[in-house]
Amino acid sequence: MFHLTRRVYHDIFEKPVGHITILGLDSAGKTSFLNHVRSKFHQNVIQPIMPTLGQNFAAFSYRGFALKLWDIGGQENFRKSWHHYYAETSALIYVMDSSDTSRITEGLSALKDVVTAEAFGAHVPVCLCLNKHDIESAMPIEEFKETYGEQLAVLDGRDSTLMATSSLWTDDRTPESGTVVAALNWAVDAIKRAKK
Ligand SMILES: Nc1nc2c(ncn2[C@@H]2O[C@H](COP(=O)(O)OP(=O)(O)O)[C@@H](O)[C@H]2O)c(=O)[nH]1
Ligand SMILES: [Mg+2]
């Protein structure tokens with residue numbers, strides 16, 4: 001019991017905290033992302049998920065960090081509250097539905113609002129997920145870069161990456177990349193780089 005208490009204490013208070021904020025338009029797949037990660041690391045959970053209106057939260061220890069993940073609602077009225085999370089964000093995971101090309105411009109415009117906001121740190125790393133890549137009509141990553149290169153320039157000057165992801169893919173299916181855990185790992189590596 002004592003050991004357990006000590007471990008929980010260590011996880012919460014002694015590990016460096018990584019705040020990972022998950023943003024993106026409504027229906028991009030943010031909550032599915034968080035739920036996938038939560039089910040994968042449920043044994044490491046140090047605080048239970050708290051479903052509240054417009055936001056979900058998970059905290060667990062992972063790769064030397066006490067990670068705190070926030071998934072904030074993407075509907076227009078919730079987007080107005082995104083800025084409350086900027087100052088604390090250690091890394092941003094920005095989720096886009098790559099199968100819904102009708103909303104990519106809107107998604108990139110909302111991303112621009114985030115990364116150009118004064119409260120959003122100039123060196124906060126950004127992982128841009130072209131999500132729902134399991135869907136056949138999803139826009140391939142190269143086509144995305146070619147088509148939206150100009151809007152992507154908004155990420156110049158900070159640590160960033162573009163990944164094709166799917167919440168449906170498990171590590172077994174795509175060992176190297178593509179799972180949301182690969183996106184999480186990139187974010188953790190980027191937080192480590194930023195701390196150096
Ligand atoms: N095919 C597919 N569907 C997904 C994926 N991620 C989310 N969805 C579906 O897209 C819808 C919106 O997902 P949700 O996680 O609620 O989006 P949120 O509004 O950004 O939190 C739901 O019907 C999900 O099942 C994905 O990677 N692939
Ligand atoms: Mg959601």
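Thr31 counts as partly exposed because 19 other C-beta atoms lie within 10 Å of its own (a residue is buried with 20 or more other C-beta atoms within 10 Å, exposed with 12 or fewer, and partly exposed in between, with C-beta atoms placed from the backbone). This is a predicted model, in which local features need pLDDT of at least 70 and side-chain atom pairs count only at pLDDT 80 or more, while totals for chains, interfaces and linings use all residues. Residues are numbered from 1 along each chain as its sequence is written, and chains are lettered from A and ligands numbered from 1 in the order in which they are written.

Thr31 sits in helix 2 (helices, H or I and at least four residues, and strands, E and at least two, are DSSP runs numbered from the N terminus). Leaving out residues up to four places away in sequence, Thr31 touches Asn56 and Asp71; a contact here is a pair of C-beta atoms, placed from the backbone, within 7 Å. An unreviewed UniProt entry carries the annotation "binding site" for Thr31 and Thr52 (positions are in the numbering used here, feature names are shortened, and annotations may be inferred rather than shown by experiment).

Thr31 also turns up around ligand 1, where 16 residues form the shell and Gly29, Lys30, Thr31, Ser32 and Ser166 come nearest (near is a C-beta atom, placed from the backbone, within 6 Å). Helix 2 gives the most to this shell, with 3 residues. Sorted by class, the shell holds 9 polar, 4 charged and 3 nonpolar residues; Ala, Val, Leu, Ile, Met, Phe, Trp, Tyr, Cys and Pro count as nonpolar, Asp, Glu, Lys and Arg as charged, and the others, Gly among them, as polar.

Zooming out, the protein has 6 helices and 7 strands, and along the sequence they follow the pattern α-β-α-β-β-β-α-β-α-β-α-β-α. Of its 196 residues, 37% count as buried. Among contacts with a separation of 6 or more, 72% link residues 24 or more positions apart.

Next comes the core. In soluble globular proteins, nonpolar side chains tend to be buried together. The largest nonpolar core here has 47 residues, and Ile93, Tyr94 and Ala187 touch the most other members (such a core is a set of buried Ala, Val, Leu, Ile, Met, Phe, Trp, Tyr and Cys residues joined through C-beta atoms within 7 Å). Helix 6 gives the most to this core, with 9 residues. Not counting residues up to four places away, Ala187 touches Ile20, Ala91, Ile93, Pro125 and Cys127.

Cys127 belongs to strand 6 and counts as buried because it has 25 C-beta neighbours inside 10 Å. Beyond four places in sequence, its contacts include Ala91, Ile93, Met163, Trp186 and Ala187. Cys127 and Tyr94 are 33 residues apart in sequence, yet 6.1 Å apart in space, C-alpha to C-alpha.

Most residues other than glycine have a negative phi. Ser27, in the loop between strand 1 and helix 2, has a positive phi of about 75°. Arg63, in the loop between strand 3 and strand 4, has a positive phi of about 50°.

As for confidence, the protein averages a pLDDT of 88, and 84% of the residues score at least 70 (pLDDT is the predictor's confidence in each residue, from 0 to 100). The lowest mean, 59, falls in strand 2 (residues 45-47), and the highest, 98, in strand 5.

How values were computed:
Contact = placed C-beta atoms within 7 Å.
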